[in-house]
Structures are given as C-alpha cells and as structure tokens.
Amino acid sequence: MELKRFLSIPVCSVFLLMGFVYYITVFIFIEDWVGLQSSAGTLNAMIFTFMASLCLFSFLVCVLTEPGYVPSPYVPDVEGAAVPPHQEPLNNSSQLRRCDKCVTYKPPRAHHCRVCRRCVLRMDHHCLWINNCVGYWNYKAFFILVLYATIASIYSSVMIISCASQKNWNFSGRIPMKIFFVVSGAMMFGLSITFGTLLGWHIYLMSCNMTTIENYEGIRAAWLARKSGHSYRHPFNLSVYKNITSVLGPNILKWLCPTAVSHLKDGMSYPTAHDS
C-alpha cells in the first residue's frame, strides 16, 4: 500500500530534482571548479554525496512511514459526560472530541485529513511532495528531511558560486554557459531560501510543541481569549527542551536519524502544561 505513494507526479518530480541537483553539483560545478580527481574535488564530492544520500533516505522514510491513524474502535478514557457530536472543543485534552466525517471519537491533537479520508494522529499537514500526511510517526523524518535539504541546497549554492568566481566571463562565445550558471544559481538560491524558511518555521513549531494546524487554531483561540479579557497559552507547550525531545527524542545522538522514533508512544495522549 505504501509503495503506491511513489506513483505520484510530485513524488517523481522530487526524485528528478534530486538527481538533477546532484549531477550538476558534482559532475559539472565541482568538476569544473577543482576537478574530481583532485583531493579537494574528491572531498567536496564525498561530502555532497553523503548529504544527498541523507536527503534521499529521509525522503523515503517520509513517504513510506504511516503518519499514524486513529484506530476505528477508539473510545476516549475520560470521566464525565460526553460532548455532543456537533460541539468540538478546541485544544482541550480533557474533553471529548468527535469527528463528524469518520463518525467516531478522536484523541487530542488528531485531525481529519480530507485527502487520506482518515483522522491522523498529531496531524501537521498533508504534504503533496511526499504524497502522505505529516503526522505523529513521520513528523521527525519530515523535519530531518527539511534540515538535510536546506544544508544540501546551501552547499550546492556555494559550489556554484565558487565555480563561477574563478571563471573569465569576458569571452563572448560562452553565453549559453553564462545562462546555465545563472539559471542553476537562481534555482539553488531559491531552494535554499524555500527550505531555510520551512526549516525555521518548523523549528518554531517544534520549540512550542505545536503543529501547523494548532498554530492557526491558536491564533483564533488567542483572539477570542483577548476579546473576553483572558490570556491564551498553548496547552501542550511544556518547555523548549521538553518540546524538542518529544519530537527528536531524549538521546541527542539520535536526533538526526529519521528512523529513531522509539521514544514515541501510541499518540493517543499528550502531557500538558496543566499536568506539570
């Protein structure tokens, strides 16, 4: 079932982009700059190959890993009366939440994905480029993928600038080469900015223990709280360190491994600031 996710134009486009960036970086720009036979060229090619391999591995993990779905017989273990189906409290782990589309209860932080047509645990968003939801079980892999892609894009940009800086561009017969350098540089600069911005956004979300959906819900909840003369605090925001370790794990040596998720539990309940 997971292999069918590769039969997608966006996923295939990512593979093509990875292959194209790797080829031009190693076999064109590094080769033209210092030569692959030199020690500097070999070292730079090995470093970029290592980073490209990490990107590819993290991407495969994102595509193949289920985000975590709410089991159909799920019944919340909450004392007190149930909330009517048409009422759904926002971000309150102590109250019952019900999905009108699945016609079943859902645990805290779970949301219904219109693409997957299921409720996803700790859903962040549905990503077109991995043809999968980003949720409880693959959010770490997604974050690591963005981190590695940012580093690789910046590294490739540096290789392009280093190669272009040593060339003599006064020769009028090399206009096609100039265009190729400009287009490649603009593409890698755009990728670096895009991935860097996405990385910064998810660093912020992770430090606050929020998902993208919860961030937008929190904006509305904060506005309603101010309107009524109260203050709002995200209930799952514990501390920066606890928030980070809840995603990356307590062992700092495994933070950059996308498959090191042994610290994750069932995704049905989460500690809150009220609990601590």
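Predicted model: local features only at pLDDT ≥ 70, side-chain atom pairs only at ≥ 80, totals over all residues.
Local features require pLDDT of at least 70 and side-chain atom pairs pLDDT 80 or more, while totals for chains, interfaces and linings use all residues. Residues are numbered from 1 along each chain, and side-chain values use heavy atoms, without hydrogens or water.

Helix H1 (residues 9-33) and H2 (39-64) pack at about 175°, with axes 10 Å apart. Helices here are DSSP runs (H or I, at least four residues), as are strands (E, at least two), numbered from the N terminus. Axes are lines fitted to C-alpha atoms, for helices over the stretch in contact; angles run from 0 to 180 degrees between N-to-C directions. H1 is therefore roughly antiparallel to H2 (under 35 degrees is roughly parallel, over 145 roughly antiparallel, 65 to 115 roughly perpendicular, the rest oblique). The contact (heavy atoms within 4.5 Å) includes Phe15, Met18 and Trp33 of H1 and Phe48, Leu56 and Phe59 of H2. Its residues divide into 16 nonpolar, 4 polar and no charged. Nonpolar means Ala, Val, Leu, Ile, Met, Phe, Trp, Tyr, Cys and Pro; charged means Asp, Glu, Lys and Arg; the others, Gly among them, are polar.

H1 also packs against helix H4 (residues 175-207), at about 125° with axes 12 Å apart. That angle makes H1 oblique to H4. Among the residues that meet are Leu17, Phe20 and Asp32 in H1 and Phe180, Met187 and Leu191 in H4. By class, this contact has 11 nonpolar, 1 polar and 1 charged residues.
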